[in-house]
Amino acid sequence: MAGGFWLVFVVGAFGLILNHFLPLFFVRLGSVPKGSFGWPLLGETLGFLKPHTSNSLGAFLQDHCSRYGKVFKSHLFLSPTVVSLDEELNYFILQNEGKLFECSYPKPIHGILGKASMLVTVGDTHKKLRNVALSLVSITKSKPDFLTDIESIAICILHTWKDKQQVIFSEEARKFTFNVIIKQVLGLTPKDPQTSAILQDFLTFMRGLISLPLYIPGTPYARAVQARSRISSMVKAIIEERRRYAGNCRKRSDFLEILQGVDTLSDDEKVSFILDSLLGGYETTSLLMSLVVSFLSHSPSALQTLKAEHQSIRNMKQKDEYLNWEDYKKMEFTQNVINEALRYGNIVKFVHRRALKDVKFREHLIPSGWKVLPIFSAVHLDPSLHASALQFHPRRWESQDQMCKRFTPFGGGSRCCPGSELAKLEVSFFLHHLVQNFRWTTEDDDQPTAYPYVEFTRGLVLYLEPCS
Ligand code: HEM
């Protein structure tokens, strides 16, 4: 028994060492970018993941870039890796999804998201799910019901601030985006009993995504897998109920209702689709709200211009009249503020890819099977690509095209975020009511920090004053 254990141990250790050092020999065969592999097994992962403010490059990238240049090799997440801080290479990677590179999130994430999740599927299955997502967003985004839902949820949350002198904004923003997405996706309101059950399970599910992947009862990972299966049962029960009462209920316009009519998707794919929408639409959008609110608190002139824009839209409307799609189209400076918060705040620092074959880019060889990490924040904060890159300056977007290689907050190519428009719409409508009803200040040490998922050090405490 003990002999068997040692044999497994020795073979395992040998395998791991081989995994680490074999690529070093490989390197001699071609011009793989310069860099270092760091420690056996862990490589340089800990240095790479060291927290830093999200509007900075962080010590690891700063140091490696000045030592090896914008494209370098490393050993990250148990794999030899090419890291790219280069605008052109990042674009090339995103545009060649499925041909030269493929989305490759760490295996444990698959266990939680499920095999039908859009984030982990590739090829035709991915294409099928993605087309459904794009058509759902385009059907929904300008529908009056949807716009009114967003606005009433914003008004409702701001109403609860009436007698408060301070709020933890990241919590308020999460409440807002969760209520919007759960209404949008499943037609549920905060009063429905399933809403709080789904929220609880969903939070457990998200904690699992950033935990150690050990399937031992009681660990965050195992709890996340169980939470996913409970959410899945709840969604399946809602699907069943709607099927049973089809025709007897009032007409709904949520994602699930539209999905019911899509017969190319199985029930499991529909459930995964709902989870993907919750996952994609909740944390990222609430973080965008926090970034905007935080950066505006240090930028009085941008806040002034933003207020004037929303005041002039409000002046054209009746008291208490809801915003519509035409009003949204008038929010031009708001879009500049949002774009600048996306550039400067870097919600998604990088994405995971893998080379499907040996790829030659300029003088670099990227060997087949290696991990490839395009780092979006490095391009967003590059002073040779954005003037005064380390300043929050929304006006730059009056003359800069947002559809460019230098700006990829939503990724690009065939995996570009399908929810980008929804996120911007939600933030714009919330800001419309926020800037007209409150003034706020923040603490200097309450900074957005990349862990690499971004969080505010103190949750973004706002000190409030009502606007008279
Ligand atoms: C500020 C808000 C958001 C940011 C910064 C963001 C960012 C991103 C990025 C960078 C990707 C690409 C991932 C990759 O290439 O591996 C992505 C994909 C995705 N996002 Fe978003 N997102 C946001 C909002 C949303 C919303 C509101 C939804 C849904 C309602 C959503 C759903 C998705 C889905 C389903 C994918 C996978 C797409 C695919 O693989 O084809 N996102 N997002």
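Leaving aside its neighbours within four places in sequence, which residues is Gly-369 in contact with?

Guide: Once the neighbours within four places in sequence are set aside, Gly-369 is in contact with Arg-354 and Ala-355. Contact here means that the C-beta atoms of two residues, placed from the backbone, lie within 7 Å. Before we go on, a word on what you're looking at: it's a predicted model, where local features need pLDDT of at least 70 and side-chain atom pairs count only at pLDDT 80 or more, while totals for chains, interfaces and linings use all residues. Residues are numbered from 1 along each chain as its sequence is written.

Gly-369 sits in the loop between β8 (364–366) and β9 (371–374). Strands like these (E, at least two residues) and helices (H or I, at least four) are DSSP runs, numbered from the N terminus. Gly-369 counts as partly exposed because it has 15 C-beta neighbours inside 10 Å. The cut-offs are 20 or more other C-beta atoms within 10 Å for buried and 12 or fewer for exposed, with partly exposed in between, and C-beta atoms placed from the backbone. Asp-358 is 11 residues from Gly-369 in sequence, and their C-alpha atoms are 8.1 Å apart in space.

Now follow the chain into β9, which belongs to an open sheet of 5 strands. The order is β2-β3-β9-β6-β4, and the pairing is mixed. Two strands pair if DSSP finds at least two bridges between them. At the edges you'll find β2 (71–76) and β4 (101–103); each has a single partner strand, so one side of each is left without a neighbour in the sheet. From one strand to the next, the twist averages 35°. β9 pairs with strand β3 (residues 79–84) in the parallel sense, over 4 bridges. Look for Val-82, whose bridge partner in β9 is Val-372. Packed on this sheet is helix α4 (residues 87–95), which touches β2, β3, β4, β6 (353–355) and β9. The direction of α4 makes about 120° with that of β9; such axes are lines fitted to C-alpha atoms, for helices over the stretch in contact, and angles run from 0 to 180 degrees between N-to-C directions.

Over 3 bridges, β5 pairs with strand β13 (residues 461–466), and Val-167 has Leu-462 as its bridge partner in β13.

How far can you trust the picture? The mean pLDDT of the protein is 89, and 91% of its residues reach 70 or more; pLDDT is the predictor's confidence in each residue, from 0 to 100. Among the elements, helix α1 (residues 2–29) has the lowest mean, 53, while helix α15 (residues 332–345) has the highest, 98. Where pLDDT is low, the predicted coordinates should not be read in detail.
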